[in-house]
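Visitor: Hi! Could you walk me through this model?

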Amino acid sequence: MSKHELANYKKNTVPIFERASAADIPALSELLSVLFAQEIEFQPNEAAQCKGLSAIISNPDLGVILLAREGSTILAMVNLLFTVSTAIGERVALLEDMVVSPSARGSGVGSDLLNHAMDFARLHGVKRITLLTDRENTSAQRFYAKHGFSRSTMVALRRTIG
């Protein structure tokens, strides 16, 4: 997207926000490759990405992948995984992946998609959304703070099993 196209997007374009379908998996996997290439802990892996996307799309109780689309082009995606918090006794979500196509960054579509995802979560009984971002990714941290997310006192720990 050129600067001119980006300016026109901001003024004239209303992307469509919708659930991803199996037909979207190849394009979503490409977006995930962009995300994982910039994250410290992960590496792009098309087979794993497609397997994970397929598992979520085929099981709505597990989660939802929402996307912003302009025509046939996917501009951005966000992945919400559902669980129940015993601390609050309610349904909660983990915002697992959010990525905006490099050509659409700065257009506002990321904010629009995140707002859509939060509305979707609220309508589906989700009482809290938790996410992780790289410690060094201060622009992502500012983005999420702008949308009402705050730092937790909890520390993320992970262990690979198997």
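This is a predicted model: local features need pLDDT of at least 70, side-chain atom pairs count only at pLDDT 80 or more; totals for chains, interfaces and linings use all residues.

Visitor: What is the strand order in the open sheet?

Guide: The order is β1-β2-β3-β4-β5, an open sheet of 5 strands with mixed pairing. Strands here are DSSP E runs of at least two residues, helices are H or I runs of at least four, and both are numbered from the N terminus. Two strands pair if DSSP finds at least two bridges between them.

Visitor: Thanks. Back to the sheet: which strands stand at the edges?

Guide: β1 and β5 do, and each has a single partner strand, so one side of each lacks a neighbour in the sheet. From one strand to the next, the twist averages 30°.

Visitor: How many bridges join β1 to β2?

Guide: There are 4, and β1 (residues 16–19) runs antiparallel to β2. E18, for instance, has L67 in β2 as its bridge partner.

Visitor: And how many between β2 and β3?

Guide: 8 bridges there, again with antiparallel strands; β3 covers residues 73–85. R69 stands opposite I74 in β3. β3 is also joined to β4 by 10 bridges, and that pair runs antiparallel. A76 has V100 in β4 as its bridge partner.

Visitor: What sits in the turn between β2 and β3?

Guide: The two strands form a hairpin with 2 residues between them, and G71 in the turn has a positive phi of about 65°.

Visitor: Is G71 buried or exposed?

Guide: G71 is exposed, at a relative accessible area of 60%. The cut-offs are under 20% for buried and over 50% for exposed, with partly exposed in between (1.4 Å probe, protein chains only). G71 also lies 8.2 Å from P15, C-alpha to C-alpha, although 56 residues separate them in sequence.

Visitor: Why is β2 said to be largely enclosed?

Guide: Because 7 of its 8 residues (β2 is residues 63–70) are buried, the rest of the structure largely encloses β2.

Visitor: Let's switch to the core. Which residues have the most contacts inside the largest one?

Guide: L80, L95, I129 and Y144, in a nonpolar core of 26 residues. A nonpolar core is a set of buried Ala, Val, Leu, Ile, Met, Phe, Trp, Tyr and Cys residues joined through side-chain atoms within 4.5 Å. Helix α4 gives the most to this core, with 7 residues.

Visitor: What does L80 touch?

Guide: Leaving aside residues up to four places away in sequence, L80 touches L62, G63, V64, A93, L94, L95, A117, A121 and I129. Contact means heavy atoms within 4.5 Å. A second, separate core has 14 residues, including A20, L31, I56 and V99.

Visitor: Last topic: how do α2 and α3 cross?

Guide: The axes of α2 (residues 25–38) and α3 come within 9 Å and cross at roughly 125°. Axes are lines fitted to C-alpha atoms, for helices over the stretch in contact, and angles run from 0 to 180 degrees between N-to-C directions. The two helices are therefore oblique to each other; angles under 35 degrees count as roughly parallel, over 145 as roughly antiparallel, 65 to 115 as roughly perpendicular and the rest as oblique.

Visitor: Which residues meet there?

Guide: I25, L28, S29, L32, S33 and F36 in α2 meet E46, Q49, C50, L53, S54 and I57 in α3.

Terms used: Residues are numbered from 1 along each chain as its sequence is written. Side-chain values use heavy atoms; hydrogens and water are left out.
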